[in-house]
Amino acid sequence: MTKKVLYALGGLALLVGLWGFYDRFVNGHQNMAYGSYVVWGLWVAMYLFFVGISAGAFMLATLDYLFEIPLFKGTGKAALWGALVTLPAGLVSIGLDLGHLERIWKVYLQPNPLSVMAQMVWGYTIFGLIALVALVLAIRQPKHAAMKILMIVGLFLAVFLSGGVGALLGVNAGRTYWHVGLLPAQFPVFSLASGAALMLVIIGLFGPAPAGDPSALPVVAGQAERRSQQLWVLGLLTVVLGLVKVYFLWADFSQSLYGGIPQNVQAVNEVMFGRYWWAFWILQIGLGTIIPVIVLVQPKLAKHNGWAGWMGVLVLTGFAVARANIVFPALTVPELEALRTAFTGPHLSYDYFPSLVEWAVTLGIIGGATLVFLLGTDRLPIFTAKTEVTK
Amino acid sequence: MDKAPTQANLSRRDFLKSAGAAVAFLTTLEANPAAALTGAPARVSLAPLSFEVGPGDDVILRMQAELQRALAKPVDQRRWVMVIDLRKCVACHACTIACIAENKLPPGVVYRPVLDEEIGAYPNVTRKFLPKPCMQCENPPCVPVCPVSATYKDENGVVVIDYDQCIGCRYCITACPYASRTFDFGSTYTEGTPIAEGLVVGQTTADDYERAANFEYQEATARTGKDESPIGNVRKCHFCLHRLAEGMLPACTTTCIGRATFFGDANDPDSVVADLIASPNVMRLKEELGTEPRVYYLV
């Protein structure tokens, strides 16, 4: 039932997205709310969000294929599939944000190797290829000798690319809100936390049905029985990482406010008490952190498929808002205060709220990713062992 | 020293030749305005301008003469700097307008805004104006972040953008601490304006003008398409390199009615700018970032 509803919602979101894609390709960037001051908007935030999930999901796949932890046996393919679906979603999001998408080949053939952005493009391309090959191997030859090497390289890339995304923002010394040494250190933690939340969704809502269920496919031996235990451990991991995330926020915000550098204080105030205070307090902290923590520390609820799965959805929603709260506030603070009124024109504003086209495209990407993911769970042996399926 | 021809001593023959060329251009314009405006050659070259300057002459003339002197030097021995005397700026915005006209900037793209700040509380209020071109930093933070090296310091030390290389990621905008870069979203002034018949009025004619080549970086870059460069690119002040190459001062400098903007070669000890940046009342924006701007302010 959940799957059917998600298929319908995903299809609907994709339909809305098609209008957004059409507008983007016909009118370019003219109907976007981002501009020359708030230069990166919703799509960049969603890029950070999706690639973070992708890296985190890959990290969790290593529990099965690299560290061979018995509890997580049989979850690796689902994690790799999650990583493979969310990575392109992030890349589409950032690709549409480019002024000249058709020149993307230049980053491969004429790159500036010292640019963090070029490093990210190269890194995520290699990472995506590794995840793809790893999934193919996991389905066809899970015991292949190359699997472990792929997992080691992929894990290394997942951690460093996550940190690299933090560095992408952090190297901007003129933006004090971003220019903190802690930023590249925070992002791998965010990635792992969002990967754990994704796995809660996958195992909780789409995981293997228990033995005896007539719809159950033959799965990796004992996997269905381990499901509730997996949810419990992933739930605890989400809780711990959620608390670490809150600590990072506290360290960051309290230090900024205490330090009193005007640009930094303005950005922090914008997040907590600005026009979109509700996004921070209600979505990021309330729905995305406090409620999941309360639910997931209770063994009975945390082991319940539905509860755990929907808590994963809430945590991911909180992360999406958190990413936006990292990107936008730093840009809504003028580099020089009088710039606000110095020159007027389209796309010259320090206020930002995504336009309809931006929302539509984002919805389309989420819808598309949801559909592809669901199709994968239906068509690919994500929770099943190949040998058992072919019997 | 030979006396170079100036606008003041044009011969009648020169005048008639110029007038003939102008008539020919207008004839083409009437037949096909777009072709006349956008079909300009990729490079144009003007006769070198030179002036004899004496005591009491306008500082613009002096800077013009210094420019000729600097251009005669090897490029690596020049150091272009701009000095803006904030005490003389009256916030007329002539520099902003001149820049827009010179570079045919579309709506939302600005190279030289003038910041207007009110200081104090009534009745003790004053206003401060700050014209803000690109700082042309010695250590530009915008350069290393570009993923395809589309923005770089050219041989003049001026930070430029290769429009055909730029992928429009806008990373350089986030890296610039001075907000000196804007993105060309493809807007036009004529969008939504009335259409009328005629040579000089109406949307079509005006739109042709808007899309005409602007000669930035000495290239005829017309905004012909919906998504062709420079649309979809980041754009910025380049000290009017195309004018410098022809021996002309940047548009903002020549149009400053208060003579608050100075431009020249700081490596020339006899230049106006070399004198001014040696003043004790000189400052640069956000010096603490170590960007070493080439734009100096007198306060």
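Which helix of chain A is the place of Leu287(A)? Select Leu287(A) and you land in helix α10 of chain A; helices here are DSSP runs of H or I, at least four residues, numbered from the N terminus.

Before moving on, keep in mind that this is a predicted model, where local features need pLDDT of at least 70, side-chain atom pairs count only at pLDDT 80 or more, and totals for chains, interfaces and linings use all residues. Residues are numbered from 1 along each chain as its sequence is written, chains are lettered from A in the order in which they are written, and side-chain values use heavy atoms, with hydrogens and water left out.

**Stop one: the patch.** Now select Phe273(A), Trp277(A), Trp278(A), Trp281(A), Ile282(A), Leu287(A), Ile291(A), Phe353(A) and Trp359(A): together they make a nonpolar surface patch of about 880 Å². To join a patch like this, residues need over 30% relative accessible area and no salt bridge, with nonpolar side chains linked within 5 Å; the areas are Shrake-Rupley values with a 1.4 Å probe. Helix α10 (residues 277-296) gives the most, with 6 residues.

**Stop two: the interface.** Show both chains. Contact (heavy atoms within 4.5 Å) takes in 45 residues from chain A and 53 residues from chain B. About 3,700 Å² is buried between them, 59% of it from carbon and sulfur atoms; that is accessible area (1.4 Å probe) lost on putting the two parts together, summed over both.

**Stop three: the salt bridge.** Zoom to Arg170(B) and Asp97(A), whose side chains meet at 2.8 Å, N to O. The cut-off is a Lys or Arg side-chain nitrogen within 4 Å of an Asp or Glu carboxyl oxygen, and the count between chain A and chain B is 1.

Definitions and conventions: Patch = residues over 30% accessible without salt bridge, like charges linked within 9 Å, V, L, I, M, F, W, Y side chains within 5 Å. Helix = DSSP H or I, 4+ residues; strand = E, 2+ residues; numbered from the N terminus.
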